[in-house]
Amino acid sequence: MTVPVCRGCRARQGRVLLDLGDQPPCDAFPPATQLGPDRRHPLRMWLCDACGLAQLAEDETAPEEPLGVEPAALLAQAARAVDLAGAAGLLPAGATVLEYGSPHGGSWLPLLADRGLRPPAEGRPADVVLDCFGLMHCADQAAAVAERANRLEPGGVALFQFHSLAAIIHNGQWNALRHGHFAYYSTESLIRLLGVAGLTARSAWRFDLYGGTVLLAAARGGEPDDSVTRLLAAEAAAGVHDPDRLANLQPAASRSAATLRAWLAREADRGSVVAGYGAASRAVALLCQANIDADLLVAVADAAPAKHGRRMPGTRIPVVSPDELRAIAPDTVVLFLPDLLAEVRHLAANWALADPAPVEADPVRGQQPSVSSGSDPACTVLPR
């Protein structure tokens, strides 16, 4: 394999800290009748020694048409983020807003329109430039940040939301690594990228979504406030500057895969029927790493109609609708997206929360689960 070149600072000094081998593209859900074998490509995380940006070492895949549906937890977090940014005076009525969204869907524009923000004229800069999980999908990180900075009006604010590398380390979320997601940011590494483009981080907010996401506000000039300095200190304590801490994701991947497979095998030996919920890209690497197929997991349900009649990449496991899940009537449903628990609990009597880190949820009230600090996987069966 060729030596990676940093997608942010162009340095060549770095190291591979997580190698998942050859994996199928995480967003390529083949028709269920198309049995494969599926093409596979290397999936490795490389850490730049110069700027600290964690990133895909290479990506030979082509982008797939997005097929997902935005979950309620993501919608709720977007509303909360808009409220906080608005309270900070960053979203004045009458301002213009330009959004760089995620290819997986979802938009803040309706929420911002309710506050009186509007799109700029074609080709014009905006008072607010918003990027919600979009930047990580850009292969050339430096060019993507520069593009966003160039679309910002003088005196404007840029808002970047991202899944925190500190959360990935803290929660052992090794399967955050996936094709098409080119960068994994610590707040410091993103601040460095923004600085090259002439932007200064001014404020930050942290949310529990995905185990830890950050909304960072940046502008030309000014100084970071206490929210930024506190976040930088917390992330440093979490180990974002320590390659050995990030390298712990490799054994975490092995433990997660072994534990999930062993649990499913025990359920099969007992004669239990187990299905899954959440045909998300993060589930692809977990199933493939654990070598799980339709003999252990009869189906994976998902709310996205475009995924129905397809199968999980690299497996024979069909993707079905929530109604089909009810018809299957499995003894237990494995939830691959813990943030969905409150939204989907009504679909089945028993749930097993399977995630690279231990997940706990209130089995009575169906509250959104919180991710604990451990790095070993767990499957906790929860009655409805």
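The sulfur of Cys6 lies 3.6 Å from the closest cysteine sulfur, that of Cys51, which is too far for a bond, a disulfide being a pair of cysteine sulfur atoms within 2.5 Å. The sulfur of Cys48 likewise has its closest cysteine sulfur, in Cys9, at 3.6 Å, again too far for a bond. By this rule, the count is 0 disulfides. The model is a predicted one, in which local features need pLDDT of at least 70 and side-chain atom pairs count only at pLDDT 80 or more, whereas totals for chains, interfaces and linings use all residues. Residues are numbered from 1 along each chain as its sequence is written, and side-chain values use heavy atoms, with hydrogens and water left out.

Cys6 counts as buried at 1% relative accessibility, and Cys48 counts as buried at 2%; here buried means under 20% relative accessible area, exposed over 50% and partly exposed in between, with a 1.4 Å probe and protein chains only. Residues 6-59 are listed by UniProt, in an unreviewed entry, as "domain: Methyltransferase putative zinc binding". UniProt positions follow the numbering used here, feature names are shortened, and annotations may be inferred rather than shown by experiment. Over residues 6-59 the chain is 0% helix and 39% strand, with the end C-alpha atoms 13 Å apart. Helices (H or I, at least four residues) and strands (E, at least two) are DSSP runs numbered from the N terminus.

We can turn next to the sheet. An open sheet is formed by 5 strands in the order 4-5-6-9-8, with mixed pairing; two strands pair if DSSP finds at least two bridges between them. Its edges are strand 4 (97-100) and strand 8 (200-207), each of which pairs on one side only. On average, neighbouring strands of this sheet are turned by 15° against each other, direction ignored. Strand 5 (residues 126-132) and strand 6 (residues 152-163) run parallel and are joined by 6 bridges; Ala126 stands opposite Leu152 in strand 6.

Helix 1 (residues 72-87) packs on the sheet, touching strand 6, strand 8 and strand 9 (213-219), and its direction makes about 140° with that of strand 8. Helix 5 (residues 187-196) also packs on the sheet and touches strand 6, strand 8 and strand 9, its direction making about 25° with that of strand 9. Axes are lines fitted to C-alpha atoms, for helices over the stretch in contact, and angles run from 0 to 180 degrees between N-to-C directions.

Helix 5 also packs with helix 6 (residues 226-238), at an angle of about 130° and with the axes 9 Å apart. The two helices, helix 5 and helix 6, are therefore oblique to each other, given that angles under 35 degrees count as roughly parallel, over 145 as roughly antiparallel, 65 to 115 as roughly perpendicular and the rest as oblique. Thr187, Glu188 and Ile191 of helix 5 make the contact with Val228, Leu231, Leu232 and Glu235 of helix 6, where contact means heavy atoms within 4.5 Å.

Thr96 sits in the loop between helix 1 and strand 4 and is buried, with a relative accessible area of 8%. Leaving aside neighbours within four places in sequence, Thr96 is in contact with Arg118, Pro119, Pro120, Pro125, Ala126, Asp127 and Val128.

Finally, the UniProt annotation "domain: C-methyltransferase", from an unreviewed entry, covers residues 210-346. Over residues 210-346 the chain is 43% helix and 14% strand, and the end C-alpha atoms are 21 Å apart. Helix 9 (residues 281-289) is mostly covered, with 8 of its 9 residues buried, among them Ala283, Leu286 and Cys288. Just after helix 9, Asn291 takes a positive phi of about 55°.
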